[in-house]
Amino acid sequence: MGRDREGPKLFLGNFDGLLQTDGYKVYDKVGGPRIVHAACLAHARRKHVDAVKVNAKDAESARIVALMDELFAIRNRP
């Protein structure tokens, strides 16, 4: 459908519920009045990984990546 707002707007209509996305701006003003936007942890994690690549001494970003990895490990348990 493309990357503009019209595709998600048409597809979601007046959807009211939990919508998990990558934070792309086109999702900001779609759906019904009770839609709840949930962020994707994998996309958030990537920003912290990038921060550590730029500055290996960024202890806070490294800690956040480690915490997210622990959460992902729980999800991937058999």
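Visitor: Where does A38 lie?
Guide: In this predicted model, A38 lies in strand β2, which covers residues 36-39.

Visitor: And which residues does A38 touch, leaving out those up to four places away in sequence?
Guide: A38 is in contact with L18, L19, Q20 and T21.

Visitor: Why does A38 count as partly exposed?
Guide: The relative accessibility of A38 is 21%. Buried means under 20% and exposed means over 50%, so a value in between is called partly exposed.

Visitor: What separates A38 from A56?
Guide: Along the chain they are 18 residues apart, and their C-alpha atoms are separated by 29 Å.

Visitor: You mentioned T21. Where is T21 placed?
Guide: T21 belongs to strand β1, residues 18-21.

Visitor: Is T21 buried or exposed?
Guide: T21 counts as buried, because its relative accessibility is 11%.

Visitor: Which residues does T21 touch, again not counting those up to four places away?
Guide: T21 touches Y27, A38, A39 and C40. Within that group, A38 is part of strand β2.

Visitor: What does the side chain of T21 reach?
Guide: The T21 side chain reaches the backbone nitrogen of G23, at 3.2 Å.

Visitor: Let us turn to the whole chain. How many helices and strands are there?
Guide: The chain has three helices and two strands. Starting at the N terminus, these elements follow the order α-β-β-α-α.

Visitor: What is the radius of gyration?
Guide: The chain has a radius of gyration of 16 Å, whereas a compact globule of 78 residues would have one near 12 Å. The C-alpha trace spans about 45 × 35 × 20 Å along the principal axes of the chain.

Visitor: How much of the chain is buried?
Guide: Buried residues account for 19% of the 78 residues. The accessible surface of the chain is about 6,100 Å², and carbon and sulfur atoms hold 57% of that surface.

Visitor: What about contacts between residues at least 24 apart?
Guide: They make up 13% of the contacts in the chain between residues at least 6 apart in sequence.

Visitor: Back to the surface. Which residues form a nonpolar patch there?
Guide: The patch is formed by L41, L71 and I74, which together have about 260 Å² of accessible area.

Visitor: Which helix holds L71?
Guide: L71 lies in helix α3, residues 59-75.

Visitor: Why is L71 called partly exposed?
Guide: L71 has 47% relative accessibility, and therefore counts as partly exposed.

Terms used:
Residues numbered from 1 in each chain as written. Predicted model: local features only at pLDDT ≥ 70, side-chain atom pairs only at ≥ 80, totals over all residues. Heavy atoms only, no water. Patch = residues over 30% accessible without salt bridge, like charges linked within 9 Å, V, L, I, M, F, W, Y side chains within 5 Å. Areas by Shrake-Rupley, 256 points an atom, 1.4 Å probe, with all protein chains shown as cover. Salt bridge = Lys/Arg side-chain N within 4 Å of Asp/Glu carboxyl O. Helix = DSSP H or I, 4+ residues; strand = E, 2+ residues; numbered from the N terminus. Buried < 20%, exposed > 50% of the residue type's maximum accessible area, 1.4 Å probe, protein only. Rg over C-alpha atoms; globule rule 2.2 N^0.38 Å. Contact = heavy atoms within 4.5 Å. Polar contact = N/O pair within 3.5 Å; in protein donor to acceptor, adjacent residues only side chain to side chain.
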